[in-house]
Amino acid sequence: MFICRFTHDLRLEDHAALAAAAEAGPVLPILVLDAELDQSLRRSPRRAAFFVAAVCALDASLRERGSRLVMRRGDAAEVLTRIARECGATGVAWSARYDGAGMQLDETLRAQLEEAGLQARLVHDAPAIAPEEIERSDDGMGYRAFQAYFERRRALPIPSFDRPLLMRFASAEIESDPLPQPSDFGSNAALPEASSSVAAAALEQFLSSSALLYATAQHVPAEDGTSHLSPHFSFGTISMRVAVRATLQRIDDPFLLNEERHSLRLFLRSLALRDFFLQLAWFHPETQQMALQERMRDFEFAQTHPALDAWCEGKTGYPLVDAGMRQLAQTGWMHPHVRAVAASFLCFDLGVDWRVGRDAWDRLLVEDDPAVATGNWQWIAGVGADLAQYPRIYNPETQARRFDPEARYIRRWLPELEHAPLATWQRKREETPMLPLFDGSAYPARVVDHGAAARAFLARYRERVS
Ligand SMILES: Cc1cc2nc3c(=O)[nH]c(=O)nc-3n(C[C@H](O)[C@H](O)[C@H](O)COP(=O)(O)OP(=O)(O)OC[C@H]3O[C@@H](n4cnc5c(N)ncnc54)[C@H](O)[C@@H]3O)c2cc1C
């Protein structure tokens, strides 16, 4: 018997750790709620609810196969060693984490299990292709530039870990703590639909419809046409390998129009971005807390700003930034393009440290992806993998005019502006800093002047890099 320790891989299909455990005999499925997982779930109430729903669904799938999920709270090494002794398991397989702190915990656990005489099989499951499988650049530290990574990755086959015939589950007679509830993590959020069947149906639905318009949807937030799969990838209710294979298959459809095929290729590129940031963190675990670019490590970003609360609350006076922040607060998710604009605003207009922004979003996002969050925040802040000479500073008003020209997205998330005519805030703000609205409330004035703030930041940046 071998233990499969579930972590952020809450499914049975195409599962690398399950396949590794099943090679050694019947599998005992276990979930350990340790301090680190507990803290991450406590930070975001919607994340806790998603996790609970996915855990319950996993348990139900196991019960259909005559087993069940054994749930225990406590220190992972102690719990796993005790259970292995109780039921005669010879080892533990589990999926690797990619953030510096998680990687360290994985290595410690591996050492503790081996010291206890157990086999420890730590496997790559989250990325479609394991970091080491992609030929490394000269310094042996993985790819620092996305385009080169993407080109190399495209040439590789996507592995599969679907081994239904191998899979035998132990009929777990062993004691289990009750499955978690959102309230265990201080959350009263309603349980969302989160399971491997929901994720598979969402992917199928997306690939048959919205994915064909992804070229537009990835930039136009009002369309709400991106996949919304990020929480599923984050908690592993679907594997990235399945998503990539299904997309490749869809691209082969001979009846697609050129634009549709182009959209699907862009979606594949988005999927690869996730793998890219995971491998970046894998080879550079120190970047969880420090910039990838050595020259930017001591660049002074501020730790706060008088308008930091306004940014968090969606009250900066820049409608696209505010709409994004309110979408995040109300749903636990934000449209990808708006994420870039809102993050750029924090780093450049307010000059605030990317780590402050990342940690603020961590308290709101359903996703629990420290490595992906860090990679993106560094990219936006101009201190990470983007090798452009200067950071791309988004003008939040130009972006709104270009990608939300009728303000459909802005109006959806900013009720104060629902009935305000477009021109009122798009062109005349200089003359009317506090915009009076029909119900007596007011949309706030801009907290900073974008043009002046961006120029001041660029001057400091230029000094550093020249
Ligand atoms: C500042 C900033 C912070 C971010 N933080 C996170 C985070 O904490 N967790 C997270 O999963 N994504 C993060 N992203 C990436 C991206 O915005 C989200 O993955 C995307 O919004 C999720 O929506 P979707 O599933 O509809 O994406 P789609 O556009 O449908 O893309 C499909 C999938 O591709 C992957 N993907 C797409 N874009 C990226 C990207 N830039 N980086 C990595 N993977 C990507 C995601 O897994 C996503 O689910 C961040 C982006 C920015 C700019």
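Modeller: The buried residues of H10 pack against helix H7 (196-208), H9 and H11. This is a predicted model, where local features need pLDDT of at least 70, side-chain atom pairs count only at pLDDT 80 or more, and totals for chains, interfaces and linings use all residues. Residues are numbered from 1 along each chain as its sequence is written.

Biologist: Which residues of H10 are called buried, and what makes a residue buried?

Modeller: They are Met-240, Arg-241, Val-242, Ala-243, Val-244, Thr-247 and Arg-250. Packing here rests on contact, meaning C-beta atoms within 7 Å.

Biologist: Why is H10 called a helix, and what span is expected of it?

Modeller: A helix is a DSSP run of H or I with at least four residues; H10 (residues 240-251) has 12, so it qualifies. The expected span is 1.5 Å times one less than the number of residues, which gives 16 Å for H10, and its first and last C-alpha are 16 Å apart.

Biologist: What classes make up the shell around the ligand?

Modeller: The shell has 13 nonpolar, eight polar and four charged residues, where Asp, Glu, Lys and Arg count as charged, Ala, Val, Leu, Ile, Met, Phe, Trp, Tyr, Cys and Pro as nonpolar, and the others, Gly among them, as polar.

Biologist: How many residues of domain 2 are in contact with domain 3?

Modeller: 18 residues of domain 2 are in contact with 20 of domain 3. H11 gives the largest share of that side of domain 2, five residues.

How values were computed
Helices (H or I, at least four residues) and strands (E, at least two) are DSSP runs, numbered from the N terminus. A residue is buried if 20 or more other C-beta atoms lie within 10 Å of its own, exposed if 12 or fewer, and partly exposed in between; C-beta atoms are placed from the backbone. Two residues are in contact if their C-beta atoms, placed from the backbone, lie within 7 Å.
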